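Student: Could you take me through the strands in this structure, and then the charged pairs? I would like a close look, step by step.

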Amino acid sequence: MSAKKVTKYDLIEAVYQSDAGYEKKVIQDILDSLLQNIKTSLSDGNTIELRGFGTFEPRLRRGREKARNPKTGEALSVAPHHVAVFRAGRELKNALWELPVEEDSASSK
């Protein structure tokens, strides 16, 4: 499946084209504010639950004494750190379940 990458601009354009009645600048400001609030909440250690869509949460990754930079091959250590994790909600999982499967990509995995 050759899926198209959807950018923030594409999302703004889609909302604008849906006749929501808002100017593109207003839609962009709302989306930027939403993303900033998600980022701030995750940085504060909070979990964000969007019912019907999914959950964002910070998760601690253990550090490692022996790690390797794949580009240079240099040995280094990695300290414990948090990463953002997304878990899809039931409605999103069901919608993705319905995506058509191409035979070439299904057999290669």
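Predicted model: local features only at pLDDT ≥ 70, side-chain atom pairs only at ≥ 80, totals over all residues.

Tutor: Strand S3 (residues 64-68) runs antiparallel to strand S4 (residues 75-78), and three bridges pair them. Find Ala67 first. Its bridge partner in S4 is Leu76. Now follow the chain between the two strands.

Next, the open sheet. Three strands form it, in the order S1-S2-S5, and their pairing is antiparallel. Which strands stand at the edges? They are strand S1 (48-50) and strand S5 (81-88). Each has a single partner strand, so one side of each is left without a neighbour in the sheet. Neighbouring strands here are turned against each other by 25° on average, direction ignored. Look at S2 (residues 54-61) beside S5. These two pair in the antiparallel sense over eight bridges.

Now the charged pairs. The salt bridges number seven. Take Lys4 and Asp10. Their side chains meet at 3.2 Å, N to O. That counts as a salt bridge because the cut-off is 4 Å. Lys4 is exposed, at 63% relative accessibility. Asp10, at 24%, is partly exposed, because that class covers values between 20% and 50%.

Move on to Lys24 and Glu13. Their closest N and O atoms are 2.7 Å apart, and they form a salt bridge. This pair links distant parts of the chain: Glu13 sits in helix H1, Lys24 in helix H2, and 11 residues separate them. Lys24 is partly exposed, with a relative accessible area of 32%.

Stay in helix H2 for another pair. Lys25 and Asp29 form a salt bridge at 3.2 Å, N to O. Why is about one helical turn between them? Because they are four residues apart in this helix. Asp29 is partly exposed, at 39%. Some salt bridges also share partners, and these join Glu57, Arg59 and Arg87 into one network.

Finish with a nonpolar spot. Tyr22, Val26 and Ile30 make a surface patch of about 280 Å². Tyr22 lies in the loop between helix H1 (8-17) and helix H2 (24-43). Its relative accessible area is 47%, so Tyr22 is partly exposed.

How values were computed
Residues numbered from 1 in each chain as written. Heavy atoms only, no water. Patch = residues over 30% accessible without salt bridge, like charges linked within 9 Å, V, L, I, M, F, W, Y side chains within 5 Å. Areas by Shrake-Rupley, 256 points an atom, 1.4 Å probe, with all protein chains shown as cover. Buried < 20%, exposed > 50% of the residue type's maximum accessible area, 1.4 Å probe, protein only. Pairing = 2+ DSSP bridges. Axes fitted to C-alpha atoms, helices over the stretch in contact; angles between N-to-C directions.
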